[in-house]
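Subject: Structure handover

Hello,

I am passing the structure below on to you. Some notes on what was found in it come after.

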Amino acid sequence: MKGNTRYIVIVLGSFALLLLIEYLTPKPINWSQTYRREDKIPYGNYILYRELPRLLQQPVVENTQTFYERQLVNDTAAANYLLIQDDLNMDSLDVQALLKLVNAGSDVFIAARYVDAKLRDSLQLELYDNYSLDREPLLKELTDSVGLFMVNPQLKSPTPYFLKKGSAPYHFASAKSATILGLNTYRAPVFIKVPYGKGNFWLHSVPLMFTNYYMLYEQHRDYIAAAFSYLPKRKTFWDEHYKSGQIESRSPVRFLLSQPPLAWAWRLLLFTLFVFAVFGIKRRQKAIPIIRSPANTSLEFVKAVGRLYFLNPNHKAMAKRKIRFFMEQLRNRYGITTAGHFPLPPKRATFDDNWLNYISRKAGVEETAVRQLFQQIAWIESTQLEEIADSDLLQLSRLMEDFYKHSAQSVKA
């Protein structure tokens, strides 16, 4: 017993110290983006859910069913549906049921950074990140905030409604049937209306605007009220089914962790086992197994990315990324400055001849090959087409590969 007294004192002392640290440590702010109606954290929807009946002047009912389940019970009466979350993912049956619901006269308000591709295809709508904008606003957004404002003069405020940096990295592309209701400070659409049958889709790409954090600001509450003012006054359903993290944990210790006394007992048990392992197994340690170095999976990663791009092609966006990488290579590898030449100045569709001649001499590549490459780059950068052909992207890649090949031979010689 004497030999164990030391371990007992260590365990009890460590447990008392752990209790003291836990008691004195301030609770950290939870910045998780849950968008749940009962969450009072900054990015929950506790305030909005309780203010909605006043904003809409109609009762709001929680919905925990899928749209397919509502269709099965024939609950298809015209109503408003609010879906506010980070990502909206639905299977094909849910998308078909939702489209049928809107076609019959319902209105669906979706505030999400990402909308399921099946639904976007049905609405002929594209969702882009700010890399697709010509003025490189995403780089600016990393160091500055971004603002939102309504297009309607009756709803537009004197100044934009600003959000924290990185809060609004996505925007919609213009669509034939869509009406633009709101823009960001880069003049990109973030709030649009898409009619479908007898009903409408109201799509907003900045769900953080509707969270507790921004509901605390009076001017932001005006923006939220203006966004919901487009919805008709009728029964409204608040969706809780499609939110991220809806699936409940199946861990056998879930109940223990949900009760504070049992959670402390569980932690104490784990800590005791740890102390026993440290002091009691020193002389009975098993042979340490040989751990082989991880295999190089770079090729598999490249293949996976290639398959992903093959399934979701966007040739123009890929071409612009390749062009920006090429310009970075000119700066870092050859010491060629691109400032004032790239991006192309306004009303210019070609690059400066002296600059191209300088690149040819600096990189050791024939001037003809350099001019062909930059003619292709100039066309892609200046074209007003929303998409380019496979052959255009392939031609750009071949010209770049020829440039790298001949410049490499020059460097080696």
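Which helices each supply at least two residues of the lining of the largest cavity? They are α3 (67–72) and α4 (92–103).

First, the source. This is a predicted model, in which local features need pLDDT of at least 70 and side-chain atom pairs count only at pLDDT 80 or more, while totals for chains, interfaces and linings use all residues. Residues are numbered from 1 along each chain as its sequence is written, and side-chain values use heavy atoms, with hydrogens and water left out.

The cavity. The count comes to one cavity of 30 Å³ or more (a set of points on a 1 Å grid over the protein atoms alone, where a 1.4 Å probe fits but cannot get out). The largest cavity has a volume of about 40 Å³ (the space filled by probe spheres set on the points). Its lining (residues with an atom within 4 Å of a point) consists of F67, R70, Q71, D75, T76, A97, K100 and L101. By class, three of these are nonpolar, two polar and three charged.

The helix pair. Helix α2 (residues 46–56) and helix α8 (residues 218–228) pack at about 55°, with axes 11 Å apart (helices are DSSP runs of H or I, at least four residues). L48, L52, L55 and L56 in α2 meet I224, A225 and F228 in α8 (heavy atoms within 4.5 Å). That contact has seven nonpolar, no polar and no charged residues.

Regards

Methods. Axes are lines fitted to C-alpha atoms, for helices over the stretch in contact, and angles run from 0 to 180 degrees between N-to-C directions. Ala, Val, Leu, Ile, Met, Phe, Trp, Tyr, Cys and Pro count as nonpolar, Asp, Glu, Lys and Arg as charged, and the others, Gly among them, as polar. On a 1 Å grid over the protein atoms alone, a cavity is a set of points where a 1.4 Å probe fits but cannot get out, and a pocket is an open set with protein on both sides within 12 Å along at least five of seven lines; lining residues have an atom within 4 Å of a point.
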